[in-house]
Amino acid sequence: MAQFGYQILGFGSFTSAGGPGTWANAGDTIHTALGSVAVLGNGSAAVIGGGHSDNSTCEDWNGSAFSSTDSLTTGRRSARGGGTQSSALIIGGQAGNPTTASVESYDGSTWSNANSLNIAGGTTTPATAVEDDNNAWSCSGFNRNGTGSGTNYNAEHPKHEIMRSGTWTTQGTDALTARYYIAGGSCGSSGNGASVTGQNSGGNSSKNEEYTFSSGSSGTWTTNTDITTSVGSNASGCFGKTSADDLVVFCGRTSGGTTALTQEYSAGTWTAGNNYPVGVYGNSGGGQTGNGLSVGGYDGSSYTNAAYIFTRAIST
């Protein structure tokens, strides 16, 4: 487990590594106001895809402006994923009422079908960590397959999979706590990923659990410090591309409603960050802890087309 430590600021005060970070308007907006959208890339370059109403249109981000690009083969909402603007994956989601196992890869201009997840019926709002279109992790989420018995969940599920060289392998040890609406987008690396907050049949979850991949179907789960405020009543965003031990979780919905909270995690401790400019949920994040992009979301009454960049002194 990598530990990124703390930085001393001023007269003995402490904050998370390089933080707290700051939010700024990206300088452009996405063409269509969307919720439940996937952000693949970071604050400098990304592709966004999917969204409510099973949106299939996508947009490229070049650090200063959004432009239309190739559409997804399968329109979907509540998908996750990551990577870079020229080597990205969009994973799962809902296409109509059923969840989907479909995965698509993006090469900077064109979407192609990639190998599907192994879980029958697919998953929506999982935790994901993606380096590129050949290396990824997808964990838990909601599955609408079957009756709810055995592996036919029709509920949150504990399965998680590692992609290496474009092929998914189901891991031998299930997630410690099955959840959906997990903080989404960039949740560490595919070899050291985090499953944070969310909800399940027991209600909102504050769990923060880390998976360290070994090889094949083997790896180890670790229970980390619970997030200070559960934002799992609906989907929140997450930044972090290197380790489950350095993350930024933002927005979502608490028991009190839509929130703009930003919570930064480093060296086993959560600290309060600067609030997102507006309280929304369904605005997934993409990028490092010091170079993240978040777009769209639902503010409780309408969808938004706003885009914001998150920066911090230390970026992982």
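# Exercises on a predicted model

At 0% relative accessibility, Cys251 counts as buried, because buried means under 20% relative accessible area, exposed over 50% and partly exposed in between (1.4 Å probe, protein chains only). The model is predicted, so that local features need pLDDT of at least 70, side-chain atom pairs count only at pLDDT 80 or more, and totals for chains, interfaces and linings use all residues. Residues are numbered from 1 along each chain as its sequence is written, and side-chain values use heavy atoms, with hydrogens and water left out.

## Exercise 1

Step 1. Phi of Cys251 is near 60°, a positive value in a residue other than glycine.

Step 2. Ser36 counts as partly exposed because its relative accessibility is 24%.

Step 3. Most residues other than glycine have a negative phi.

## Exercise 2

Describe the sheet that contains S26.

Step 1. Five strands form this open sheet, in the order S18-S25-S26-S29-S30, with mixed pairing; two strands pair if DSSP finds at least two bridges between them. Its edge strands, S18 (184-185) and S30 (269-272), each pair on one side only.

Step 2. S25 (residues 237-239) and S26 (residues 246-250) run antiparallel and are joined by three bridges. Phe239 has Val248 in S26 as its bridge partner.

## Exercise 3

Describe the sheet that contains S3.

Step 1. The order is S3-S33-S32-S31, four strands in an open sheet with antiparallel pairing. S3 (22-25) and S31 (285-288) are the edge strands, each pairing on one side only.

Step 2. Between S32 (residues 291-295) and S33 (residues 307-311) there are five bridges. Leu293 stands opposite Ile309 in S33.

## Exercise 4

Find the largest cavity and classify its lining.

Step 1. On a 1 Å grid over the protein atoms alone, a cavity is a set of points where a 1.4 Å probe fits but cannot get out; lining residues have an atom within 4 Å of a point.

Step 2. The lining includes Leu117, Cys139, His157 and Glu161. Strand S13 (135-139) and strand S16 (160-164) are the elements that give two or more residues to this lining.

Step 3. Three lining residues are nonpolar, five polar and two charged. Ala, Val, Leu, Ile, Met, Phe, Trp, Tyr, Cys and Pro count as nonpolar, Asp, Glu, Lys and Arg as charged, and the others, Gly among them, as polar.

Methods. On a 1 Å grid over the protein atoms alone, a cavity is a set of points where a 1.4 Å probe fits but cannot get out, and a pocket is an open set with protein on both sides within 12 Å along at least five of seven lines; lining residues have an atom within 4 Å of a point.
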